[in-house]
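Q: I have a model open on my screen and I'd like to learn how to read it. Can we go through it feature by feature?

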Amino acid sequence: MESVADYMIRPLYPEEIHLLRDFLYEAIFIPEGVEPPSRDVVDLPELRLYVEDFGKKKDDCCLVVEQDGKVVGAVWTRIMKDYGHVDENTPSLSISLYKAYRNRGLGSRLMKEMLNLLESKGYHYVSLSVQKANYAVRMYLKLGFEVIKETEEEFVMVKDLFTRMLGTVGQHSNIGRNFTCRCGSCKAIRWLKPRYKIRPLVEGDISEMQQLFRSTVLNVNLRDYTNEEVMDWASCGDDVAHWKDLLSQNCYIGAFDERDRMAGFSSMNKKGYLHSMFVHKDMQGKGVATQLLEEVEKMAVAYGVTEITSEVSLTARPFFERKGYKVVKSQKCRANKLMLTNFVMRKCIL
């Protein structure tokens with residue numbers, strides 16, 4: 001249970017289960033300018049399964065937010081074959097707030113409490129389905145959900161709850177039922193710097209480059225750009241001829257893990273222009289970009305240039321600033337059809 005100002009987050013009481021029908025209706029995303037459906041739409045079979053006989057299944061779980069004795073929002077999970085269904089061990093999540101209580105941070109608070117609760121119950125994952133145009137997509141991304149599947153209108157997203165406790169584990173790791181973890185001082189003796197195999201990229205790598213580029217833009221850059229913007233941006237990578245042209249004009253290098261999977265790629269040309277820096281969505285924060293940047297900066301030195309310039313996204317700007325790059329100007333740059341905000345950044349290297 002958590003109290004926040006005048007709000008309280010608590011479990012749903014049995015006598016309040018009937019409220020879920022109202023919250024299910026409130027959870028329906030209605031695009032601007034579209035007439036809301038009648039309230040009996042929640043009685044359709046594909047929607048009724050979210051709340052029907054709730055509390056009777058062992059995996060049913062619900063938290064609500066209360067103000068002045070009134071329940072104003074709810075987040076609930078159950079294992080069901082809904083739009084966000086992944087498997088029989090992963091609960092699907094729904095969240096809803098009355099309109100007057102939205103955009104106050106309550107949704108994030110509810111989500112965090114539910115994620116903590118699901119983790120404590122031993123679930124490894126939780127999934128959800130969300131309309132691409134729904135502003136809640138950004139909240140889910142900030143909470144660590146990742147897009148695993150998409151249709152023309154929706155994303156299916158999954159949050160890994162298991163690694164919240166363990167961090168990164170090796171592919172051959174095995175944890176028994178009686179596993180116990182205890183922390184001592186946690187004092188760092190020294191940090192181990194991950195190293196990846198670096199090699200030049202050729203036309204045979206284009207397919208993997210395309211997949212990494214699209215996945216990164218749709219999952220990582222979505223934190224700072226709208227759904228329409230990232231979809232437009234991602235479409236820039238569909239043309240193989242465009243990749244061939246980029247490879248002919250720039251020296252591309254890729255970082256590969258121990259299983260020879262591409263973790264990221266970057267590029268440099270003889271004029272000191274850094275064209276690309278993309279890291280796989282599952283490899284964010286693991287030193288990939290740092291190692292790639294070190295390598296392309298060495299290339300620039302070898303080319304004899306005195307400064308490096310790059311056009312950097314909103315998402316990548318903090319990384320480049322930490323590495324000594326300065327913003328020259330903000331600009332609007334065309335992706336495919338849309339104009340997206342980015343920054344011209346520069347670093348003197350000699």
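**Reading the model, piece by piece**

A: Happy to; keep in mind that this is a predicted model. Let's begin with a strand pair: strand 11 (residues 262-268) and strand 13 are joined by three bridges and run in the antiparallel sense. Within that pair, Phe265 sits opposite Phe278 of strand 13.

Q: In what order do the strands of that open sheet come?

A: You read a sheet by stepping from neighbour to neighbour. Here four strands make an open sheet in the order 9-10-11-13, with antiparallel pairing. At the edges are strand 9 (197-200) and strand 13 (277-279), each of which pairs on one side only. From one strand to the next, the twist averages 15°.

Q: Which helix packs on the sheet?

A: Look for contacts, then for the angle. Helix 6 (residues 206-219) packs there, touching strand 10 (251-256), strand 11 and strand 13. The direction of helix 6 makes about 95° with that of strand 11.

Q: How do I read a hairpin, and what lies between strand 3 and strand 4?

A: Check the pairing, then the turn. Strand 3 (residues 61-67) runs antiparallel to strand 4, with seven bridges joining them; Leu63, for one, has Val75 as its bridge partner in strand 4. The two strands form a hairpin with two residues between them, and Asp68 in the turn has a positive phi of about 50°.

Q: Is strand 4 mostly covered or mostly open?

A: Mostly covered: of the nine residues in strand 4 (residues 70-78), eight are buried. Strand 4 is also joined to strand 5 (residues 92-97) by six bridges, again antiparallel, and Trp76 has Ser94 as its bridge partner in strand 5.

Q: What pLDDT does the chain average?

A: The average is 87, and 90% of the residues score at least 70. Over residues 175-185 the pLDDT is below 50, and that stretch has four contacts beyond near neighbours in sequence. Residues 187-192 are also below 50, with zero such contacts.

Conventions. Residues numbered from 1 in each chain as written. Predicted model: local features only at pLDDT ≥ 70, side-chain atom pairs only at ≥ 80, totals over all residues. Heavy atoms only, no water. Buried < 20%, exposed > 50% of the residue type's maximum accessible area, 1.4 Å probe, protein only. Pairing = 2+ DSSP bridges. pLDDT = per-residue confidence, 0-100. Contact = heavy atoms within 4.5 Å. Axes fitted to C-alpha atoms, helices over the stretch in contact; angles between N-to-C directions.
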